Amino acid sequence: MSGDRGRLAPAICTRTRAELRRTRRPRAHSCWDHLYAAPLWPLHGANLGTLARTCDAVGACLTVPRFPWVPEALARGNTLREPLCTHWTGDPLGWLRKQRERGLRIVGVELAEEAIRLADLPAARRPTVIVLGHEQHGIPPEALDLLDTCVEIPMIGTGASLNVAVAGSLALYKLAGLL
């Protein structure tokens, strides 16, 4: 026992906000050109804000299409105080081609025969794009040829896939070497 009134000290002590601030970056990162989350065919706006917070957590940039509803979805869902490194594209396939030409590794999260398990995905040793498809239709067939590899997230339940924010977050943490 510890304390004044015979109360037990908690077995787990959480960090205070001040302690967390001292261990984190003081401001948003600029473009590090290392990891990109690319939900290029988004369906649900709420998932973009969640994915934006994960990008901040792992030091990744977010690449999104210039759909009219995307800026509002990012603003609503992103609860960070600092702006996120966001790249905009009006041509998802053209943007992917340019990244390949620059030598970036292109990894798609997709259910494919050639996919590797998420657990076997190595951390990114060179600039890498993680491509996330439409939540109902996946990555379009014309984009599959632009991928270097596919990663599959194993599932035991009855669902066919995870939502874009969850799938992207898992893959980003793995590529960042934080899992």
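Which residues does H44 touch, not counting residues up to four places away in sequence? H44 touches W69 and E135, where contact means heavy atoms within 4.5 Å. The figures below show a predicted model, in which local features need pLDDT of at least 70 and side-chain atom pairs count only at pLDDT 80 or more, while totals for chains, interfaces and linings use all residues. Residues are numbered from 1 along each chain as its sequence is written, and side-chain values use heavy atoms, with hydrogens and water left out.

**Figure 1. The whole chain comprises six helices and seven strands.** Helices (H or I, at least four residues) and strands (E, at least two) are DSSP runs, numbered from the N terminus. Their order from the N terminus is α-β-α-β-α-β-α-β-β-β-α-β-α. Among contacts between residues at least 6 apart in sequence, 75% join residues at least 24 apart. Of the 179 residues, 43% count as buried; buried means under 20% relative accessible area, exposed over 50%, and partly exposed in between (1.4 Å probe, protein chains only).

**Figure 2. H44 occupies the loop between strand 1 and helix 2.** With a relative accessibility of 42%, H44 counts as partly exposed. The C-alpha atom of H44 is separated by 9.3 Å from that of V70, although these residues are 26 apart along the chain.

**Figure 3. The largest nonpolar core has 27 residues.** A nonpolar core is a set of buried Ala, Val, Leu, Ile, Met, Phe, Trp, Tyr and Cys residues joined through side-chain atoms within 4.5 Å. L62, V109, I130 and L172 have the most contacts inside the largest core. Two or more residues of this core come from each of strand 1 (35–39), helix 2 (45–58), strand 2 (61–65), helix 3 (70–77), strand 4 (105–109), strand 6 (128–132) and helix 6 (164–175). Apart from this core lies another, of 19 residues, including Y36, I106, I139 and C150.

**Figure 4. L172 is in contact with residues including L35, A37 and I130.**

**Figure 5. The cysteines form zero disulfides.** A disulfide is a pair of cysteine sulfur atoms within 2.5 Å. For C150, the nearest cysteine sulfur is that of C55, 19 Å away. C150 counts as buried because its relative accessibility is 11%, whereas C13 counts as exposed because its value is 63%.
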